[in-house]
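Subject: Structure for you to look at

Hello,

Here is the structure I said I would pass on. Please open it first and keep it in view while you read the notes below.

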Amino acid sequence: MRKIILALLVCAIFTPFAMSAVTPDVMAPIRQFIDGFNKGDTKSAFAAYATGDISIVDEFAPYRWLGPHAPQDWSAAYDKHAQATGVTDGVVKYGASTRTEIANDAAYVVIPTTYLYKEHGHPMAEEGQVALVLHVQTGAWKISSWTWTGVKPHPAK
């Protein structure tokens with residue numbers, strides 16, 4: 001019985017230290033994904049995602065992508081939508097997190113964003129937010145879900 005109590009005590013003491021071995025910068029994979037998107041570097045962008053089921057919600061059809069290939073499916077749908085609507089030069093500007101909640105190996109992060117692009121050559125803007133869920137996989141934070149929400153597109157100023 002004494003060994004069981006000692007083992008539980010050791011786990012209780014060292015679990016926070018084990019979790020601290022995880023990169024403390026939960027924003028790292030978020031920056032990696034958005035910066036990869038902005039540069040057209042899909043390899044880097046996709047590497048920011050967790051393995052397994054991913055969930056993405058965005059403003060163009062079919063609006064929701066689920067499963068282990070959701071990032072790739074979303075990217076293909078984005079390209080198709082951009083071609084159909086004359087969207088070029090898409091770039092996402094983002095700020096510091098306005099909310100970060102971390103519980104063990106899971107995190108919820110909200111960041112302000114502005115999506116800038118050209119539609120048939122006309123500069124457009126959409127201010128909004130991205131809410132993301134991240135999980136620790138192989139010692140690093142990885143994106144497992146994100147949702148975009150924002151205002152209707154309008155001419156950029």
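Where is the place of Asn104? Asn104 sits in the loop between β4 (99-103) and β5 (106-119). Please keep in mind that this is a predicted model.

Asn104 is not a glycine, but its phi is positive, near 60°. Asn104 counts as exposed because its relative accessibility is 60%, and exposed means over 50%.

The loop between β1 (54-57) and β2 (64-67) holds Pro62, and Tyr63 is found in the loop between β1 and β2 as well. The peptide bond that leads from Ala61 to Pro62 is cis, and its omega is near 10°. Tyr63 has a positive phi of about 75°, although Tyr63 is not a glycine. With a relative accessible area of 47%, Tyr63 is partly exposed.

Next, the largest pocket. How much space lies in it? The answer is about 410 Å³. The pocket is lined by 24 residues, and those closest to its centre are Asp58, Glu59, Phe60, Tyr78 and Tyr115.

Which elements supply at least two residues each to this lining? They are α2 (28-39), α4 (70-85), β3 (87-94), β5, β6 (122-137) and β7 (140-150). The largest share comes from β5, with 5 residues. Sorted by class, the lining has 17 nonpolar, 3 polar and 4 charged residues.

Regards

Key: Residues numbered from 1 in each chain as written. Predicted model: local features only at pLDDT ≥ 70, side-chain atom pairs only at ≥ 80, totals over all residues. Heavy atoms only, no water. Helix = DSSP H or I, 4+ residues; strand = E, 2+ residues; numbered from the N terminus. Buried < 20%, exposed > 50% of the residue type's maximum accessible area, 1.4 Å probe, protein only. 1 Å grid on protein atoms, 1.4 Å probe; cavity = no way out; pocket = protein on both sides within 12 Å on 5 of 7 lines; lining within 4 Å. Points joined across faces, edges and corners; volume = space filled by probe spheres on them. Nonpolar A, V, L, I, M, F, W, Y, C, P; charged D, E, K, R; others polar.
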